[in-house]
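Biologist: Could you walk me through this model? I'd like to begin with the ligand and then move on to the sheets.

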Amino acid sequence: MLQSLQNIILRMVAQGDELQATLERLCVEVEYLLPGAVASILTLDDQGRLHPCVGPSLPMSYSIALDNLEIGPAVGSCGSAAFLGEAVIVDDIEHDPRWAEFKTLALPHSLRACYSNPIFGSKGKILGTFALYFRDARAPSILEQTIVESCLPLCMIAMERHERLREYRRLAFTDVLTGLPNRAKFNVAMDEMLPGDWALLLVDVDNLKVVNDTFGHAAGDDLIASAARGLLSVVSPRAVYRLGGDEFAIVLEPASGTEAENIAAEFARKVHQPTLCAGHTVFPSITVGIAHSEQRYSAEEVRHFADLALYHAKDKARGGFVTYDAALTSTIAQRYEVVQSVATALRDDRFEAWYQPIVRIDTGEIVGVEALARMRLVTGEVLPAAAFHEATKDAHVAASLTRTMIKHISMDLGSWLRSGIPIQHVGINLSAADFQCEDFPESLQAAFAREGVPLHHAILEVTESVYLGGRDQIVAKKIASMRAAGFKIALDDFGTGFASLTHLITIPVDLIKIDKSFTDRLGDDDVGVAIVEGILHIAKRMGVPVVAEGVETPAQAEMLLTRGCTLGQGYLYAKAMPASEMGVLLRARGQKTDKVAARVNVGGAPGRSLLIQKGKARRVDASNF
Ligand code: C2E
Ligand code: CA
Ligand code: CA
């Protein structure tokens, strides 16, 4: 009989039946074998308190009364057995001192005697108790004791398996680094959300990749942990999930009015504190996308909207937050259209390289040009790059734009040089996607070689975030090899990217282009001037020349000059123009070399060189670039 009981219970454990069902079956089987006995199993928690687990024949009110009972040397039969770690026989509840405080609970239910055993786990820890109650005051028989003793290992197996499953489940739903519920748990939570008064905040930790790449993964982990702490200082831990990588989610319920937005602002304040990450001081910042269910949107829709809002925020409101609304969908749809129209224009060869001069502010001479992409519409209208800049965030579009631009630029340069037009440098804008291309920069070198243009005429313009953003410093390494090959590198839009100035000045570059936003601030306020002065000062110390972008007024030019910035680019001098016009302007105002500037191989024929330029005017000051 015992054998069959064991088989039943072991099969249930093996099948993965619920603990409650398994132990309840055990009690029922025991009561069947021992008529008159009432079986009960309690569990013991880590705080030394008992909780009713199963007791199919015990009155519910009695089980509930025992919940949370703290074990002790004289706490009924079970409390004492768990405390002492040995079997406790109470043959008369009414008169036993150990039941003094509890007998009023038991006697009304005709429970007169109780024999309890501790259930030991495999490592000796007490997991709970297994008890038999009797309706009359008596001790357990030998048979009763034997049966209870043979049930104890079954209880142990069932309880430990249950505990292990719970731990597996907990781990499967927990992010190791932060201890927060993970993406799997988030998916489960989302499945349970109905349209209602709740909001979802998707949080992205800015620059995690940069921190990982520059300071190592330990620093990245510290950054994530500190961001998590920031979030937890604002909302309850139950609301925060780490979705992986640099992404967190917060489910806010209820979320009335602008509560979600207020919380997002509070997050930014809490997170944006100087933080020590593996010994490096980092200024963490986060970007948040918010969507509200508004009683009508399903969890899936809210998730999609929050995603769109975050995507948009990362682009337009880094370090801040964006709340989803219907207009956002159309903005994103528009971007998609732009990408499509640019891709079509690239296919139809409707892109042109236009050129904007870079001048010496003191003399007005043109020391170089920057090539800017222009898209010709089918109507003939020409669009500036700013109008389709969005599209270049698409890696395919960006790479193919660069290919087209390089083709035009190398041809224009070759023809200028061959016709003796004084041109020193052409700035070529690169994007992150270019550094992912297998054939880059070899394709660029090949294009220049085809036109016989020496590489030093090219200044590759990269922004700080592109320079520093590549995984494992791929970009920085590629740039180093490109410099070694003879290309020059300009740091574009200086001052708008990664925050650490001290970090930036360690990047090897040949030219710094101060972003237009700083030129605009010249004259506005003292801080703007101070920043430009600071940049100029650092650049001078590094021996790197500086170009001020977006110079529009003579006053700005004057201020730049008095602060030692001798090179400028902007509408004050000229807007971008087609190659033919630029050729004319260069012939008139191009800075010339004082000796033979370059010999250009034509048509690839070895040894045949063309004297392109004999200098007559000013000398080219090597320090200009
Ligand atoms: P950028 O590299 O900072 O280029 C300077 C932009 O400022 C150009 O706009 C130029 O026309 C404009 N600009 C120049 N001087 C002034 C001024 O005095 N005032 C004002 N308000 N604007 C001025 P554009 O051509 O629309 O280019 C915008 C951005 O598009 C560029 O910014 C660059 O990041 C990107 N871009 C342009 N051409 C290419 C290209 O061939 N490849 C790639 N990857 N990006 C390009
Ligand atoms: Ca540029
Ligand atoms: Ca720029």
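Biologist: Which atom of ligand 1 does a backbone N or O atom of Ala385 lie 3.3 Å from?

Modeller: An oxygen atom of ligand 1. Keep in mind that this is a predicted model.

Biologist: What does the polar side-chain atom of Gln356 lie 3.0 Å from?

Modeller: A nitrogen atom of ligand 1. Asn429 also contributes a polar side-chain atom, which lies 3.1 Å from an oxygen atom of the ligand.

Biologist: How much of ligand 1 does the protein bury?

Modeller: The protein buries 84% of the 790 Å² that ligand 1 exposes when taken alone.

Biologist: And which residues come nearest to ligand 1?

Modeller: Gln356, Arg374, Ala386, Glu552 and Tyr571, out of the 21 residues around the ligand. By class, the shell divides into 9 nonpolar, 5 polar and 7 charged residues.

Biologist: Which element supplies the largest share of that shell?

Modeller: Strand S15, with 4 residues. S15 (366–376), helix H13 (385–388), helix H14 (395–418) and strand S19 (488–494) each supply at least two residues.

Biologist: On to the sheets. What is the strand order in the open sheet of 6 strands?

Modeller: The order is S3-S2-S1-S6-S5-S4, and the pairing is antiparallel.

Biologist: Why is one side of S3 and of S4 left without a neighbour in that sheet?

Modeller: S3 (69–70) and S4 (88–90) stand at the edges and each has a single partner strand, so one side of each has no neighbour in the sheet.

Biologist: How many bridges pair S2 with S3?

Modeller: S2 (residues 49–54) and S3 pair over 2 bridges, in the antiparallel sense. In that region Arg49 stands opposite Glu70 in S3.

Biologist: Which strands does helix H4 touch?

Modeller: H4 (residues 76–84) packs on the sheet and touches S1 (37–44), S2, S4, S5 (113–120) and S6 (126–134). The direction of H4 makes about 30° with that of S5. Helix H6 (residues 142–172) lies across S1, S4, S5 and S6, and runs at about 40° to S5.

Biologist: What about the open sheet of 5 strands, what is its order?

Modeller: S8-S9-S7-S12-S13, with mixed pairing. The edge strands are S8 (240–244) and S13 (321–323), each pairing on one side only. On average, neighbouring strands of this sheet are turned by 20° against each other, direction ignored.

Biologist: How many bridges join S7 to S9?

Modeller: There are 6 bridges between S7 (residues 199–205) and S9 (residues 247–252), and the two strands run antiparallel. Asp204 stands opposite Glu247 in S9.

Biologist: Which strands does helix H7 lie across?

Modeller: H7 (residues 183–192) lies across S7, S8 and S9, at about 125° to S8.

Biologist: Now the backbone. Is the peptide bond from Glu253 to Pro254 cis or trans?

Modeller: That bond is cis, with omega near -5°. Pro254 sits in the loop between S9 and helix H10 (259–271). A cis peptide bond also joins Phe440 and Pro441, with omega about 10°. Pro441 is in the loop between strand S17 (426–429) and helix H15 (442–451).

Biologist: Last one: is the phi of Asn207 positive or negative?

Modeller: Positive, about 65°, although Asn207 is not a glycine. Asn207 belongs to the loop between S7 and helix H8 (208–215).

How values were computed: Residues numbered from 1 in each chain as written. Chains lettered and ligands numbered in written order. Predicted model: local features only at pLDDT ≥ 70, side-chain atom pairs only at ≥ 80, totals over all residues. Heavy atoms only, no water. Pairing = 2+ DSSP bridges. Contact = heavy atoms within 4.5 Å. Axes fitted to C-alpha atoms, helices over the stretch in contact; angles between N-to-C directions. Near = heavy atom within 4 Å. Polar contact = N/O pair within 3.5 Å; in protein donor to acceptor, adjacent residues only side chain to side chain. Areas by Shrake-Rupley, 256 points an atom, 1.4 Å probe, with all protein chains shown as cover. Nonpolar A, V, L, I, M, F, W, Y, C, P; charged D, E, K, R; others polar.
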